[in-house]
Amino acid sequence: MAKVETNLIHIGEEFNKTNAVVAPIYQSSTYLANEDIDAYITAATAPKYPEFYHRHGNPTNSQVAAIVANLEKTADALVLSTGMAAISTAILALVKAGDHIIAQHAHYSGTTLFFKQFLIDYGIEITHVDQKDINAFEAAIQSNTKLIYLETPSNPNLDITDLELLGRLGKEKGITTMVDNTFASPINQLPSEFGIDVVIHSATKYLGGHSDLTAGIVCGSKEYIEKVWSRSLVLGATLSPFDSWLLLRGLKTLSLRVRQINENAQQLAEWLERNAAIQHVAYVGLPSHPQHELAKKQMKGFTGMLCIEVVGQSDENAFQNAQRILNNLKIFTNAASLGGVESLVVHPASMWGSHHSAEQKQTSGITKGMLRISVGIEHIDDLIADFDQAIRMI
Ligand SMILES: *Cc1c(COP(=O)(O)O)cnc(C)c1O
């Protein structure tokens with residue numbers, strides 16, 4: 001078995017049937033029918049068939065799925081148009097009215113909306129628990145629990161869920177476990193190694209890595225991915241040929257990018273922790289993170305995501321100071337999203353102002369002086385110098 005760096009470049013090459021070294025963009029909605037009627041029936045009905053009609057499959061989508069399934073050590077994977085398409089399609093392939101889901105308090109904002117404003121309207125029951133409480137998940141199990149939905153590290157405050165514990169609990173109780181692995185990336189964390197059944201990515205983030213596409217991926221068993229594919233046929237969130245090609249291109253450098261990002265983020269986090277203007281730094285790679293030991297156990301690297309709490313005499317003052325830093329940063333761009341080669345920073349309390357109620361903000365740990373940082377691959381000296389000059393402005 002070749003190593004990750006090699007697989008990122010060579011897995012799935014068989015889907016490129018041309019002599020071009022780089023797979024072409026299959027910019028076609030439909031494919032010439034095979035004259036052999038049996039072959040045609042197979043093309044029309046086989047899951048993810050790459051050359052029938054685009055909603056069914058596409059050669060590049062198949063190649064990307066093969067690479068990510070190999071990375072995540074799952075039997076199969078399905079590529080979709082966004083991370084939210086992956087999350088919603090994956091969940092709708094598992095639950096129906098009358099079923100129960102256990103989820104966390106802290107999730108990506110779109111996922112929270114899907115649970116609280118969508119699934120409950122379709123007769124699905126959801127219990128939200130504290131991901132840090134090792135007993136909370138088991139205590140929430142009901143006879144109709146079909147899914148335990150996890151996200152670790154979670155958005156935005158980087159809490160960790162114990163994957164080994166939940167993988168074991170799911171297996172013991174016969175409940176499917178699903179993890180949004182976007183923040184960690186498969187370079188840093190492999191949930192399947194802990195017995196987790198389904199792994200999801202917003203490929204818009206680290207997998208694509210260049211902030212130039214949206215995509216999502218669901219990884220799991222062959223049987224389950226076929227179910228997700230059949231749901232995706234009617235829900236219709238297919239990834240376009242060009243975005244898929246960009247994703248394939250981005251994946252080739254995933255390990256290099258993530259390694260550099262891990263290193264930069266660690267150094268920036270340590271520098272920020274020593275700075276008097278920063279009251280608190282949440283980074284899973286810092287010994288001061290309350291779950292650092294758990295992070296070390298289940299992660300191979302600590303990602304480029306960190307959250308800082310800016311000092312202030314009051315909430316309002318912390319809010320102003322955070323805004324001032326945000327406005328004065330020159331290399332870090334104030335933009336939503338994460339996981340790209342460029343460093344980004346956002347003020348979660350403003351970004352999710354309309355999505356989250358004050359109570360939701362509190363349970364998911366969003367405070368007024370908080371800034372969320374996605375560290376890129378620029379030189380670390382420049383990143384630190386940028387923060388240094390911005391902090392001096394408050
Ligand atoms: C961005 C993100 C999503 C949603 O992905 P899209 O590609 O924007 O639909 C889901 N989960 C996490 C953790 C994310 O960061």
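I began at Asp 162, which is buried with a relative accessible area of 15%, and I note at once that the model I am reading is predicted.

**Asp 162 and its partner.** I looked up what Asp 162 pairs with and found a salt bridge to the side chain of Lys 297, at 4.0 Å from N to O. Lys 297 is partly exposed, at 46% relative accessible area.

**Domains.** I then checked the division of the protein, which gives domain 1 as 4-251 and domain 2 as 255-391. The contact between them draws 40 residues from domain 1 and 40 residues from domain 2. I recorded about 3200 Å² buried between domain 1 and domain 2, with 56% of this area on carbon and sulfur atoms, and four salt bridges across their interface. Over C-alpha atoms, the centres of the two domains are 27 Å apart.

**Other salt bridges.** I searched the whole structure and counted 16 salt bridges. One of them joins the side chains of Asp 99 and Lys 146 at 3.1 Å, N to O. Asp 99 sits in the loop between helix H4 and strand E2 while Lys 146 belongs to strand E4, so the pair ties together parts 47 residues apart in sequence. Asp 99 is buried at 4% relative accessibility, whereas Lys 146 is partly exposed at 34%. I also noted a network of salt bridges linking Lys 48, Asp 76 and Lys 222.

**Surface.** Last, I looked for nonpolar patches and found one of about 280 Å², made by Ile 37, Tyr 40 and Ile 41. Tyr 40 lies in helix H2, residues 37-45, and is partly exposed at 32% relative accessible area.

Technical notes:
Residues are numbered from 1 along each chain as its sequence is written. This is a predicted model: local features need pLDDT of at least 70, side-chain atom pairs count only at pLDDT 80 or more; totals for chains, interfaces and linings use all residues. Side-chain values use heavy atoms; hydrogens and water are left out. Patches are made of residues with over 30% relative accessible area and no salt bridge: like charges are joined within 9 Å, nonpolar side chains (Val, Leu, Ile, Met, Phe, Trp, Tyr) within 5 Å. Accessible areas come from the Shrake-Rupley method with a 1.4 Å probe; for residues, only the protein chains shown count as cover. Helices (H or I, at least four residues) and strands (E, at least two) are DSSP runs, numbered from the N terminus. Buried means under 20% relative accessible area, exposed over 50%, partly exposed in between (1.4 Å probe, protein chains only). Domain bounds come from an automatic or database domain assignment. Contact means heavy atoms within 4.5 Å. Buried area is the accessible area (1.4 Å probe) that two parts lose on being put together, summed over both.
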